[in-house]
Amino acid sequence: MIYKGCFTSDIGSICVEDNGEKLISVKLCKSAESSNRSVLTEKAISQLKEYFCGTRKSFDLPLEMKGTDFQKKVWSALCSIPYGETRSYGEIAEMIGNPKAVRAVGGANNKNRFMIIVPCHRVIGADGSLTGYAGGIDVKKKLLKLEQMN
């Protein structure tokens, strides 16, 4: 069974889905209507709300990471970026031992199903510019500003 819980945040409605054992997605959605929440859904929503309040800087949630080995390496590297800091796509490529895979790192970011929790919003262009983000550049800017303020 898939469980789903949604809430309204500073960046819009966020929906959390889980399979009863692990989270399967955290994403923006059109409305904050929840259908059937689980204990895990509630825990994830609670931790995300703490993040938006500035009191949580990391997450303790089980994630079902479905992807290629390369994507999993990228997502793991994203999780190592400290709260309030950024890294370039090139720096992530170097972190995973594949310095020429800058574009592929961008592709893996695009496949990340756990916004905020796997912090792809912390990845920026080599020149410091804010580049692509599934939630939009304005959302990325808000998340980075939130982290810099705390």
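A: The link of C15 and C29 is right-handed, with 80 degrees about the S-S bond. It is a disulfide (a pair of cysteine sulfur atoms within 2.5 Å), with an S to S distance of 2.1 Å. This is a predicted model, where local features need pLDDT of at least 70 and side-chain atom pairs count only at pLDDT 80 or more, while totals for chains, interfaces and linings use all residues. Residues are numbered from 1 along each chain as its sequence is written, and side-chain values use heavy atoms, leaving out hydrogens and water.

Q: Which parts does the pair of C15 and C29 tie together?
A: C15 sits in strand β2 and C29 in strand β3, so the pair connects parts 14 residues apart in sequence; strands here are DSSP E runs of at least two residues, numbered from the N terminus.

Q: And how many disulfides does the structure hold?
A: There are two. C6 and C15 also form one, with their sulfur atoms 2.5 Å apart, and its torsion about the S-S bond is about 105 degrees, so this disulfide is right-handed too.

Q: Is C15 buried or exposed?
A: C15 is buried (under 20% relative accessible area, with exposed over 50% and partly exposed in between, using a 1.4 Å probe and protein chains only), at 1%. C6 is buried as well, at 2%, whereas C29 is partly exposed at 23%.

Q: What about C53?
A: C53 is in no disulfide, and the nearest cysteine sulfur, that of C6, lies 18 Å away; C53 is exposed, at 62%.

Terms used:
Helices (H or I, at least four residues) and strands (E, at least two) are DSSP runs, numbered from the N terminus.
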